Amino acid sequence: MPRVHGQAQMSDEKRDFMRNVMILVDTREQQNKHITAALEKMGVSWVQSKLDYGDYSFIMQDKKRGKAKDFSRSCVIERKANVGELYGNVISDRGRIEKEFDTVRHNATQCTLLLENCASWDDLKSYEISDSQMQAQARKVKNIGAVVYATLRAWQCGNRYGFHVEFVKDKSRSAAKIMELLFWYWHNYKKQTAARR
């Protein structure tokens with residue numbers, strides 16, 4: 001069976017991307033061994049770096065020319081480990097997280113909020129904590145997912161902060177999702193900046 005040219009080309013493009021990309025991981029990012037270990041297993045280079053905003057970004061290296069293009073201020077991923085962490089940010093640290101999203105909106109062309117341990121908007125909206133968790137965490141709200149859902153829907157609107165939300169139910173897939181998001185940004189960047197014929 002013949003190979004479709006577009007599919008073979010995309011495969012080559014992805015391989016080239018993985019060979020030449022350097023994933024930037026913010027120095028403040030914690031509990032991310034599942035991501036850095038998965039990147040290493042894929043053969044993808046990564047380095048800890050102080051990012052102005054977000055948790056992940058990338059540098060694309062042109063090894064032939066000895067140059068590199070830094071995308072840390074234009075394409076970023078903000079990761080949250082679970083709904084509970086994001087709820088804590090929304091309730092306890094709202095000013096800081098809104099300020100960060102506002103900064104990203106004015107500077108970056110793409111921001112993605114990656115929410116681990118959650119499969120979809122519906123999964124998020126129906127997420128509840130148990131009565132024992134409510135007591136242990138001194139929470140007054142059981143359906144914390146509904147609070148986070150409403151907040152994210154308002155925040156992600158184009159006229160507010162304009163970021164995109166992605167879900168990863170199984171956190172072992174987080175590194176693959178990060179690579180996918182960064183790859184497509186790179187792919188579109190190349191198309192937009194290619195010399196016109």
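Mentor: Two strands pair if DSSP finds at least two bridges between them. The model before us is predicted.

Trainee: What makes E6 and E7 a pair, and in which sense do they run?

Mentor: E6 and E7 share five bridges, in the parallel sense. The requirement is at least two bridges, so the two strands count as paired. Within this pairing, leucine 115 stands opposite phenylalanine 167 of E7.

Trainee: Why is strand E7 called largely enclosed by the rest of the structure?

Mentor: Buried means under 20% relative accessible area. Four of the five residues in E7 (residues 164-168) are buried, so the strand is largely enclosed.

Trainee: How do you know that the buried residues of H2 line one face of the helix?

Mentor: In H2 (residues 33-42), the buried residues are Ile35, Thr36, Ala38 and Leu39. Viewed down the helix axis, they fall within an arc of 160 degrees, so they line one face. An α-helix has 3.6 residues a turn, so residues three or four places apart point the same way. The face turned away from the buried side carries Lys33 and Lys41, which are exposed.

Trainee: Against which elements do the buried residues of H2 pack?

Mentor: They pack against several strands and one helix, including strand E1 (21-26), strand E6 (110-116) and helix H8 (174-193).

Trainee: Why is H2 called roughly perpendicular to H8?

Mentor: H2 and H8 pack at an angle of about 70 degrees, their axes lying 8 Å apart. Angles of 65 to 115 degrees count as roughly perpendicular, so the description applies to H2 and H8. The crossing is right-handed. Among the residues that meet there are Ile35 and Met42 in H2, and Ala175 and Met179 in H8.

How values were computed
Residues are numbered from 1 along each chain as its sequence is written. This is a predicted model: local features need pLDDT of at least 70, side-chain atom pairs count only at pLDDT 80 or more; totals for chains, interfaces and linings use all residues. Side-chain values use heavy atoms; hydrogens and water are left out. Buried means under 20% relative accessible area, exposed over 50%, partly exposed in between (1.4 Å probe, protein chains only). The arc is that of the directions from the helix axis to the C-beta atoms. Contact means heavy atoms within 4.5 Å. Axes are lines fitted to C-alpha atoms, for helices over the stretch in contact, and angles run from 0 to 180 degrees between N-to-C directions. Angles under 35 degrees count as roughly parallel, over 145 as roughly antiparallel, 65 to 115 as roughly perpendicular and the rest as oblique. A crossing is left-handed if the near helix is turned anticlockwise from the far one by less than a right angle, and right-handed if clockwise.
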